[in-house]
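Hi,

Here is the structure I said I'd pass on.

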Amino acid sequence: MAAEVVAGAFLTVSLEVLSGRIRSIMEFVRRNKVDAGLLNKLEIMLLSVKGVLNDAEKKQVSDSNVRQWLQKLNDAIHDAEDLVDEINTEALRCEIEGGQSQSSRTGTWLFQQVRNFISSRLNVKDVEQRINDILNTLKYIVDQKQHLGLSEGVEPITSSCATTLVKESDIYGRDDDKQAILDFLLSDDGHRLSVLPIVGMAGIGKTILAQLVYNEIGNKVMQKPFDIIAWITVSVESNVSTLTEAIYKEVTKSSESTIKETFKLQQKLGDFLKGKKFLLVLDDVWNVDYKRWCELRSPFESTAHGSKIIVTTRSADVASDLGTVPSRDLQILSEEDGWQLVKKRAFNDVEQDVSPDLEVIGRQIVRKCKGLPLAIKSLSCLLHSKQEIKYWENVLNNDIWDLPKCEDILPALWLSYYYLPSHLKRCFAYCSIFPKDYKIEKKVLILLWMAQDLLQPHKTKIPEEVGEEYINDLVSRSFFQYWSMNKNVIIMHDLMNDLALFVSGCCFRLEDKYSDVSIRNARHVSSFKFRTDDEKKIKDLCEHKLLRTLLKLKMYNVEHLQSMQFLRVLSVNLITPIQMKLLNSICNLKLLRYLDLSYSGLEEIPDKIGTLYNLQTLLLRSCHRLTSLPDSIGNLKHLRELTQLSINNATDVINLRCLDISATGVREMPRQMSKLENLQMLPKFVVGKDSGSNIKELGKLNDLHGYLSIEGLENVVSVEDAREANLIDKVHITGLTLAWSGEIGGSVEAREVLDGLRPHLDPEELHIHNYGGTTFSHWVGSPSFSCMTRVRLIDCKNCFMLPPLGQLPSLEFLEITGLDKVVRIGDEFYSDGSVITKPFKSLKFLYFSKMEEWKEWASVEAEDGGVFTNLKELHLEDCPKLKEASCLPDYLPSLETLDIAGHHLVASLSNCRYPSLSLLTIERCRKMKTFPGGTLPSTIQKIIIRECPELVSLSEEGWPSNLKSLQIRDCRHMMQWNLGMLTSLTSLYIGSIFEEEMDAFPKEEGQLPTTLTSLSLDGLQKLKSLNGSALAHLTSLQYLFIGKCGQIQCLPQQGLPTTLTSLHLFSLPKVKSLNRDTFRHLTSLQKLTVVYCEQLQCLPQERLPESLLELEICQCPLLKPRCERGIGEDWPYICHITRIVLDWNYI
């Protein structure tokens, strides 16, 4: 089996861990009359095998017998680990239950219980028989090592690698490709939507190149060219429904969609994207053919002119079906570029002089990598670890290069894995449980590694820190990559995913093809994309009693789980409301260390969960029906002293480290929370009215890491309790939410509670919700919080004064919403009276919303360049009393985006200097009758006006001289406007004007600027006709969209601009025919789309323009049969067109 080629390479670490565990239970089994000599023999037998593993690691590459030997040894070690863990769990149970009873019984009682423990819970003869069975198996395996010629004393093969070796954005040989893609994204090609495929073989660097460009567009371009950017990774199994849902979630930033019907979700997506310039990256597209593409892209037809899509794919056919412009085909790296990449990663410096001998060998290794950047980067880390000629020659001449190609695993990647340290091999191989393209949360992966004992203990570091180091090391070696959207998420390249599956030997994904043998050999199983209707897989799975991992299974019935007694990891989505007896069956899985019941229908947790003494992680995220937790959770504590049982390494005893009840209905915490002193992650703590969930229970939990949300603060009964929560000593907390609910204030003064909840100085985020005090504590806004980057103050309705947030030196994001009592924002907002040379010096995003009484925003004098010098986005929403005069800061040098909603402040812009402002959005200004009403900054390139029902006129003066795009939508009236003076305008969108009757648009010539290249008329329900003679003067127009104009009956007989390249007709229910005169002179037309024109009976009765390359006709029932290939009546008029689509099917 190919997956066994390098399997077993990490057994040395497994043996060391197992040997330590055997020693830790030795005294316990002696006291319970189990033959301790058997365990001694077991340890000795294991150690006798350990000596030859390094030699086996080398020889198994070319010797199948050695590979089989390692696999049998791996199985035997698993069996031994299971038995030892069972005994250890019984010892732990006895200690905890004994400790609970000692207060009322004598000390000898516990000893007696221990002595009788095995006989009462584990049959002594059964235990001894299992040890003998393992010994017999090991004896056979040990005897075989001599026949296989395995020798002791062979040095292990490992390499070290600097974790900060290279940034993912470092690429070589792609400068021309990168510039071409940037040019495409920033160009105006006259189309509403253009698609560029990036094509190349696996590992060539398609995704990295797309990420580089995507990040530059999103972060480094001063005037952002797109309103929305989104990145979607397309798995092999993706279909139109799953992709539409993924795109919708990404662009709307919603965690889930309640809409199940694809066409309805597409409508909603189309409405959201309407009139917005959109950039979408579809990464790693495999199976999206032209039919699926036509279905998928329908929501994008409503986007603004100039929207772009990048597609990365290995398939030239996919590129042909999806692309509208020529593909960018990535070539393999030249030897010179490959060598530059080696120098960058192996020597940390491209300019460094390298010895001629090393360069010769290095270039030979580059040639063996065949120009694939992924292979070169992975091997460069090996070369970095030892810059010695002999070592480099060993890499060059390794036998792995000559192995036959199997399952598309690159020899260079095999070799990189071969040289990994053993502890990293185990962790990497375990990741084969994740499907391709899966985004893995770092903290979840570390918890899974911990649950499987894959992290080596460290004297000064907690396991989470060790796991973080492992991830950084694997990233530096290119086995993992940080996801460009979120550095707390990692991904694996497809080739690395293949490699992990190739070397794991015992990991299995239910969605993959499988045999009965493969599932019986598996120890770790996942079902990320598996559907429960495959009864055979469910049956096979439940019969497999040796599983250690069962990840992401959707189940209606958990009774089958009772047989899986060796599970360490269980992640199951219980779809229906669960009966308590079924949950109790889960609580019988005594070896469980990781239990994830998130998104399940459970309503309560059984008290029996407190008997899962090994449990480290309990995830109950989004169990909305769950309202309480059992007090027995307090039993899952760290037991640091186990002297009565003589367990030598007490710190190895497992404890609850992560409890996640986010988005549940839990109203208060269980009793005894303070006993969970080793708890590392507690995203949510709810203060209850019961004394058992008092906030002071947090006091001893000083090892908490990450984000902490404290809710129910109105239930704090004394200020002293708040102080005893001891937030100031929780130095690993990175984000903090303090939330009150119900009646503002609570049983004690909210201000005093807030005073007592001062955190340590290093959190990055602070959110305060529904705070009832009139002023904030002095610590809020203190400059000593130098790491704080995000602050949100929400619905603090009694506060009349803002805290001095301008003092926070690292603050980048600030949201202030619902502070109803604030009337004036003045000096107090910038500092507390101390000298601050540059208030808000790092702030990039500022959001004010629902400030009902806010009337004045006073400026402040500041040294060193002023205030808000780096502010890029300013949003003012629903602040109805904010005055016109001097209501905005007069100078914002970096401001790019200004959004004003719910009140008319545009006139104030005449007095402002915003030299970088490029996007202005005006929405829901219900009293605004004219626009602009003053002189706007000349730098503005795009203006969006929406939901302004009283807007009736557009001024001829005051417009930005560089305005390129104008959108007006969801307004009641169609103004008699004149936009002819906007001589830089290239894109105009007018949408959703329902009430105003219009005989024709444009009303007259000269009403629109001749510079327009894109014009969209969408949802003008009472527009009766188009003025052809006026449109004909738009001599630059290339794109025309006419949609949802219910009164239009025909296109203008005078014709349309001859420069048109794209014409889109959408939902025109009264159009019955297309006038031949309309199309006769469209000699540049390349694309014609006709969708949802139910009454359209025929095409023009003459041949459509010869320039036409693409014709799409969808949901036009009368027209469709006339266009059928070869037999339709209109076929002679369209047969010359290269690409024809009828109802999303290519013909």
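Cysteines to begin with: counting a disulfide as a pair of cysteine sulfur atoms within 2.5 Å, I get 0 disulfides. Cys971 is in none, as the nearest cysteine sulfur, on Cys948, sits 5.1 Å away. Cys1116 is in no disulfide either, with the sulfur of Cys1093 the nearest at 4.9 Å. Cys971 counts as buried at 2% relative accessibility, and Cys1116 is buried too, at 3% (buried is under 20% relative accessible area, exposed over 50%, partly exposed in between; 1.4 Å probe, protein chains only).

Before I go on, this is a predicted model, so local features need pLDDT of at least 70 and side-chain atom pairs pLDDT 80 or more, while totals for chains, interfaces and linings use all residues. Residues are numbered from 1 along each chain as its sequence is written, and side-chain values use heavy atoms, without hydrogens or water.

Next, the sheet. Helices (H or I, at least four residues) and strands (E, at least two) are DSSP runs numbered from the N terminus, and two strands pair if DSSP finds at least two bridges between them. Five strands make an open, parallel sheet, ordered E2-E3-E4-E1-E5. E2 (228-233) and E5 (328-329) are at the edges with a single partner each, so one side of each has no neighbour in the sheet. E2 is joined to E3 (278-285) by 6 bridges, and Ala230 has Leu280 as its bridge partner in E3.

Last, helix H15 (356-368): its buried residues include Leu358, Ile361 and Arg363.

Cheers
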